[in-house]
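Trainee: I am new to this structure and would like a close look at one part of it, the charged pairs and what surrounds them. Please go through it step by step.

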Amino acid sequence: MNEELTREMHDEFAVSKETEREHLIIFAHLSVQSGHMTKEEALEWYGITDEEFGITEAEH
(Lines give C-alpha, C1' and ligand atoms only; values in the text may rest on other atoms or scores of the structure.)
Protein backbone atom coordinates (compact mmCIF):
# COMPACT_ATOMS: atom_id res chain seq x y z
CA MET A 1 0.00 0.00 0.00
CA ASN A 2 2.75 2.45 0.98
CA GLU A 3 4.68 1.68 -2.20
CA GLU A 4 1.54 2.19 -4.31
CA LEU A 5 0.99 5.63 -2.81
CA THR A 6 4.57 6.62 -3.48
CA ARG A 7 4.33 5.48 -7.12
CA GLU A 8 1.02 7.32 -7.60
CA MET A 9 2.45 10.50 -6.08
CA HIS A 10 5.50 10.37 -8.35
CA ASP A 11 3.36 9.69 -11.42
CA GLU A 12 1.22 12.71 -10.57
CA PHE A 13 4.23 15.02 -10.67
CA ALA A 14 6.07 13.36 -13.55
CA VAL A 15 7.12 15.68 -16.38
CA SER A 16 7.30 14.50 -19.96
CA LYS A 17 10.65 14.55 -21.74
CA GLU A 18 9.27 17.19 -24.12
CA THR A 19 8.24 19.47 -21.26
CA GLU A 20 11.58 18.95 -19.54
CA ARG A 21 13.37 19.94 -22.78
CA GLU A 22 11.19 23.06 -23.13
CA HIS A 23 12.09 24.09 -19.59
CA LEU A 24 15.81 23.69 -20.30
CA ILE A 25 15.45 25.93 -23.35
CA ILE A 26 13.57 28.56 -21.34
CA PHE A 27 16.21 28.48 -18.59
CA ALA A 28 18.93 28.86 -21.21
CA HIS A 29 17.20 31.96 -22.58
CA LEU A 30 16.74 33.42 -19.12
CA SER A 31 20.41 32.84 -18.30
CA VAL A 32 21.48 34.69 -21.45
CA GLN A 33 18.94 37.50 -21.02
CA SER A 34 20.01 38.08 -17.43
CA GLY A 35 23.65 38.26 -18.45
CA HIS A 36 24.71 35.30 -16.31
CA MET A 37 25.88 33.32 -19.33
CA THR A 38 26.76 33.79 -22.95
CA LYS A 39 24.61 31.95 -25.47
CA GLU A 40 27.41 29.43 -26.05
CA GLU A 41 27.79 28.80 -22.30
CA ALA A 42 24.03 28.31 -21.93
CA LEU A 43 23.91 25.86 -24.84
CA GLU A 44 26.63 23.77 -23.25
CA TRP A 45 25.36 24.06 -19.66
CA TYR A 46 21.76 23.12 -20.50
CA GLY A 47 22.70 20.61 -23.20
CA ILE A 48 20.60 22.15 -25.95
CA THR A 49 21.40 22.83 -29.57
CA ASP A 50 21.68 26.16 -31.33
CA GLU A 51 18.63 25.14 -33.37
CA GLU A 52 16.55 24.50 -30.24
CA PHE A 53 17.64 27.83 -28.81
CA GLY A 54 16.70 29.58 -32.07
CA ILE A 55 13.29 27.97 -32.32
CA THR A 56 12.34 29.39 -28.93
CA GLU A 57 13.73 32.81 -29.93
CA ALA A 58 11.38 32.86 -32.93
CA GLU A 59 8.39 32.03 -30.73
CA HIS A 60 9.00 34.96 -28.38
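Trainee: How many salt bridges does the count come to?

Mentor: The count comes to 2 salt bridges, a salt bridge being a side-chain nitrogen of Lys or Arg within 4 Å of a carboxyl oxygen of Asp or Glu. The model is predicted, so local features need pLDDT of at least 70 and side-chain atom pairs pLDDT 80 or more, while totals for chains, interfaces and linings use all residues. Residues are numbered from 1 along each chain as its sequence is written, and side-chain values use heavy atoms, with hydrogens and water left out.

First, the setting. The protein chain has 4 helices and 0 strands (DSSP runs numbered from the N terminus, H or I of at least four residues for helices, E of at least two for strands). From the N terminus on, the order is α-α-α-α. Of the 60 residues in the protein chain, 20% are buried; buried means under 20% relative accessible area, exposed over 50%, and partly exposed in between, with a 1.4 Å probe and protein chains only.

Now the pairs. Side chains of opposite charge can pair when their charged atoms come close. Glu52 is buried because its relative accessible area is 19%, whereas Arg21, at 29%, counts as partly exposed.

Another salt bridge joins the side chains of Lys39 and Asp50 at 2.8 Å, N to O. Lys39 is in helix 3 (residues 39–46) and Asp50 in helix 4, so parts 11 residues apart in sequence are tied together by this pair. Lys39 is partly exposed, at 26% relative accessible area. Asp50 is also partly exposed, at 45%.

Just after helix 3, Gly47 has a positive phi of about 70 degrees.

The largest nonpolar core has 8 residues: Ile25, Ala28, Met37, Ala42, Leu43, Tyr46, Ile48 and Phe53. Such a core is a set of buried Ala, Val, Leu, Ile, Met, Phe, Trp, Tyr and Cys residues joined through side-chain atoms within 4.5 Å. Helix 2 and helix 3 are the elements that give two or more residues to this core, and helix 3 provides the largest share, 3 residues.

Finally, contacts, meaning heavy atoms within 4.5 Å. Leaving aside neighbours within four places in sequence, Met37 is in contact with Ser31, Val32, Ala42, Trp45 and Tyr46. Ser31 is in helix 2 and is buried, at 10% relative accessibility. With neighbours within four places in sequence again left aside, Ser31 touches His36, Met37 and Tyr46. For the protein chain, 37% of the contacts between residues at least 6 apart in sequence join residues at least 24 apart.
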